[in-house]
Amino acid sequence: MLTVSLFSLQPVFSSEDTEILCEEKTVQYSEVFTDGVSLSEVHNIIENYTGNISISSTTRILENSTEYRAYVRKRLSELEMPSCLEYLPIIESDYKPTAKPPAGTSMGLWQFMPNSVSPYMELSEYVDERRDPWISTEGALKKLAANYRQFGDWLLALAAYNCGAGAVKRGLSQAKDKTYTGLCTENLIPDHAKAYVKRFLALSNIIINAEFFGYDKLNLANQIDGMEDTSYFFYDDFDYVTVTHSIRLDVLAMELKLDYDILRNLNLSLIKNITPPGREYRLRLPKGMGPACTEAIVNLITKQFLNKE
């Protein structure tokens, strides 16, 4: 039977545990991404994860990323991709859109490297779309879907997202057992890719089964339905205006009488907080502000408050 420590709340499994009685109701355990991985192995991964990673930190990440997760969850449903992929940016970036490691060149929710940006996003002197939560999400889901089409297995697709499709392809060409488990057993993928997939398995299983484990705050933080009216950018319902001049976001926000942080957070891909010179740029705005922004830009041109770079 499943036992729970009242002090650590770390579950101790037997391989048969799939449900518990919680406050006079049965809570089912939902297996996530266990194709090719035994349930007992997933349980061992989960126990190791909860021993090393703070559940409270994961709860805070979920609470602070509701708006972005809502969009990711929506797109995964529309694309008919596994819903648990919503939790991958927790591993990648703690769901911080401008996250960058102290050493390294990756960036954003999904931690794209500069050499992996094309053909999904733009990276230039003025624009880094890895920083844009919506555009980078589209790029990441396209990349994950491409990996799945290539390998036909989501665990292999995740490993390829971490270490590259080339590394997984080379491993499979040498493997006797051409599965994710086979690659791990025969040591044909990098250790960091193994750790990455294991951490994802543990994290997604813990969050999805938070009620089963007794993590009530984590379970609550994972909820999104009913919170749509709490944010100006909950999904992707925005206005867009095509800008043909180089315009400073702070000046435009002042002209619009809009909080500068709102305008900046909607356009995080603008590295220098100005629209790029000499080209068109699609500026994102809160819903309903498109006409006012068009008028504001005309006013700025008239007042010559445009950036001259």
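Let me begin with a definition, since the next point rests on it: rings of Phe, Tyr and Trp, the last taken by its six-membered ring, count as a pair if their centres lie within 6.5 Å. With that in hand, and bearing in mind that what you see is a predicted model, ring pairs link Tyr 68, Trp 134, Phe 238 and Tyr 240 into a cluster. One member of that cluster, Tyr 240, also has a charge above its ring, as the charged end of Arg 282 sits over it, 3.7 Å from the ring centre.

A search of the whole structure finds 8 aromatic pairs. Take Phe 212 and Phe 213, whose ring centres are 5.5 Å apart and whose planes stand at 75°, so this pair is edge-to-face; both Phe 212 and Phe 213 are buried.

Stepping back to the whole chain, the protein has 309 residues, of which 50% count as buried, and it is built with 14 helices and 6 strands. Among contacts between residues at least 6 apart in sequence, 63% join residues that are at least 24 apart.

Now to the interior. In soluble globular proteins, nonpolar side chains tend to be buried together. Here the largest nonpolar core has 88 residues, and those with the most contacts inside it are Trp 110, Leu 144, Val 168 and Leu 252. If we set aside its neighbours within four places in sequence, Leu 144 is in contact with several residues, among them Met 81, Leu 85, Trp 110, Trp 154 and Tyr 161.

Val 168 takes us to helix H7, which spans residues 165-174 and in which Ala 167, Val 168, Gly 171 and Leu 172 are buried. As for what covers the buried residues of H7, the cover includes helix H5 (133-151), helix H6 (154-163) and helix H8 (180-185).

Conventions
Residues numbered from 1 in each chain as written. Predicted model: local features only at pLDDT ≥ 70, side-chain atom pairs only at ≥ 80, totals over all residues. Heavy atoms only, no water. Phe/Tyr/Trp six-rings, centres within 6.5 Å; stacked < 30°, edge-to-face > 60°. Buried < 20%, exposed > 50% of the residue type's maximum accessible area, 1.4 Å probe, protein only. Lys NZ or Arg CZ within 6 Å of the ring centre and 35° of its normal. Helix = DSSP H or I, 4+ residues; strand = E, 2+ residues; numbered from the N terminus. Contact = heavy atoms within 4.5 Å. Core = buried A, V, L, I, M, F, W, Y, C linked by side-chain atoms within 4.5 Å.
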